[in-house]
Amino acid sequence: MLRVVVALVGVALAGGCVSDMAQLVDDARVTARIGVLANTEVGWITETRALETAFRFYRQNGVDAVVIAGKVTRNGYRDQREVLAKVWQRVFRDRSDVRLITEPGRYEANGFAFAVASNRPYGRCDVVTFHGEGKRALTDELCFYPRKNRAIAAGSMSGVTPPRGFEGVETLDANGRARPGPLAAKASCAAQGLLVSAYGERVVVRRLDFTQAAPLDREKAAALRHDRLVYAEDVAEPWVVDAESGEHTEPAPEFWDDTRVQVCRGQDKEGPFYTVIWPAVQKRFTGARARSYEVEAQFDGADAAKPRPHLVRKSVLSDGFFLAEERDVGGVKCVVRFAELPSARGALSRVVFAVTPIGAYGKRGRPVRSEPVPLPTGSP
């Protein structure tokens, strides 16, 4: 404790800020700190910018080891291993005490026992285990579920893979073959990993993205530039593993009361369509972030007191589903083509679009409906 007090006094006399003091206290309490990456898929040296950023961030935070789970190099070639070694030496050349771990197995750092696996282990692990299966976005709570198993997906440094079945994830080419869609292309640029701090029996796991140059807050960005610090962005609140933590629960994500769903008509070479637009549901505003959304087209003339049969149903992710909430602020969109809708008939001449937010564990919020819009006339 005396060491901590002396350090804090030194910072105060030197004009240090509160964040400096908080970091000193944290450094004094931590027993081990490791950086965890997955699927670095190292190929050419020109493709290692995010990897080097991660290494520099880990060095800056005083890690005892850096772990790479899953696919370390693209093809397993010796020259790709040499590229990895070159990047490592560029950052840690004078820190022989920091280990680089690239093989599955059980390890220990300053008394903190952990394991590394290529694929997700099933059943309860006796120690916290980091794996590289799935290339999930670290915003997805299913990366650490069920928590009692203590198996944690470490994200991916080579892009994240959106779950299948959502709009924009896949498209069909002229031959009917599935190709990555625009959402998958955007997520392919992600580079994410973990910073793990052990405090005795309590382990705190930060979820990070290494592709952002600076925080959105201008003062924080200026401070980082002044101190020449490497930036990594937290994409969600840290996971905590300890003897008392059980399964994590969250309320269903809910739109706020005055939420409006907009519908705009457009046309392209494939014909007319409606674009349905709504605001993203975020934890910082509503208590729970929506993992996805369900969009249904429903007859406006249906009895409001009864369940409405859907005409079209689509599953949607926001464009920034893999990023921090502050970077996922654009409206979420879904395109419904006239060819997907039935023709107007009798009193059923209009359609409403209902949008339901869905949480990380499948909890559904209350749907919000658009104003009615006309159904297509004639045959689609």
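1. Salt bridges number 29 in this structure, a salt bridge being a side-chain nitrogen of Lys or Arg within 4 Å of a carboxyl oxygen of Asp or Glu. The model is predicted: local features need pLDDT of at least 70 and side-chain atom pairs count only at pLDDT 80 or more, while totals for chains, interfaces and linings use all residues. Residues are numbered from 1 along each chain as its sequence is written, and side-chain values use heavy atoms, with hydrogens and water left out.

2. Arg106 and Asp126 form a salt bridge with an N to O distance of 2.7 Å. Arg106 is in strand 4 (residues 105-109), and Asp126 is in the loop between strand 5 (112-117) and strand 6 (128-131); helices (H or I, at least four residues) and strands (E, at least two) are DSSP runs, numbered from the N terminus. Arg106 is exposed at 51% relative accessibility, and Asp126 is exposed at 55% (buried means under 20% relative accessible area, exposed over 50%, partly exposed in between; 1.4 Å probe, protein chains only).

3. A salt bridge also joins Arg289 to Asp328, with the closest N and O atoms 3.2 Å apart.

4. Arg364 meets Glu294 in a salt bridge at 2.8 Å, N to O. Arg364 lies in the loop between strand 18 and strand 19 (368-369) and Glu294 in strand 15, so the pair ties together parts 70 residues apart in sequence. Arg364 is partly exposed at 46%, whereas Glu294 is buried at 13%. Shared partners join Glu294, Glu296, Arg313 and Arg364 into one network of salt bridges.

5. The count of aromatic pairs is 16; rings of Phe, Tyr and Trp (its six-membered ring) pair if their centres lie within 6.5 Å, with planes under 30 degrees apart counted as stacked, over 60 as edge-to-face and the rest as tilted. The ring centres of Phe57 and Phe210 are 6.2 Å apart and the planes stand at 65°, so this pair is edge-to-face. Phe57 lies in helix 3 (residues 49-60) and Phe210 in the loop between strand 11 (202-209) and helix 6 (218-227). Phe57 is buried at 5% relative accessibility, and Phe210 is buried at 4%.

6. Gln192 lies in strand 10 (residues 192-199) and is buried at 0% relative accessibility. The side chain of Gln192 reaches the backbone nitrogen of Leu138 at 2.9 Å. Beyond neighbours within four places in sequence, the residues in contact with Gln192 include Leu138, Phe210 and Phe322 (contact means heavy atoms within 4.5 Å).

Methods. A polar contact is a pair of N or O atoms within 3.5 Å; within protein, one must be able to donate a hydrogen and the other to accept it, and residues adjacent in sequence count only if both atoms are side-chain atoms.
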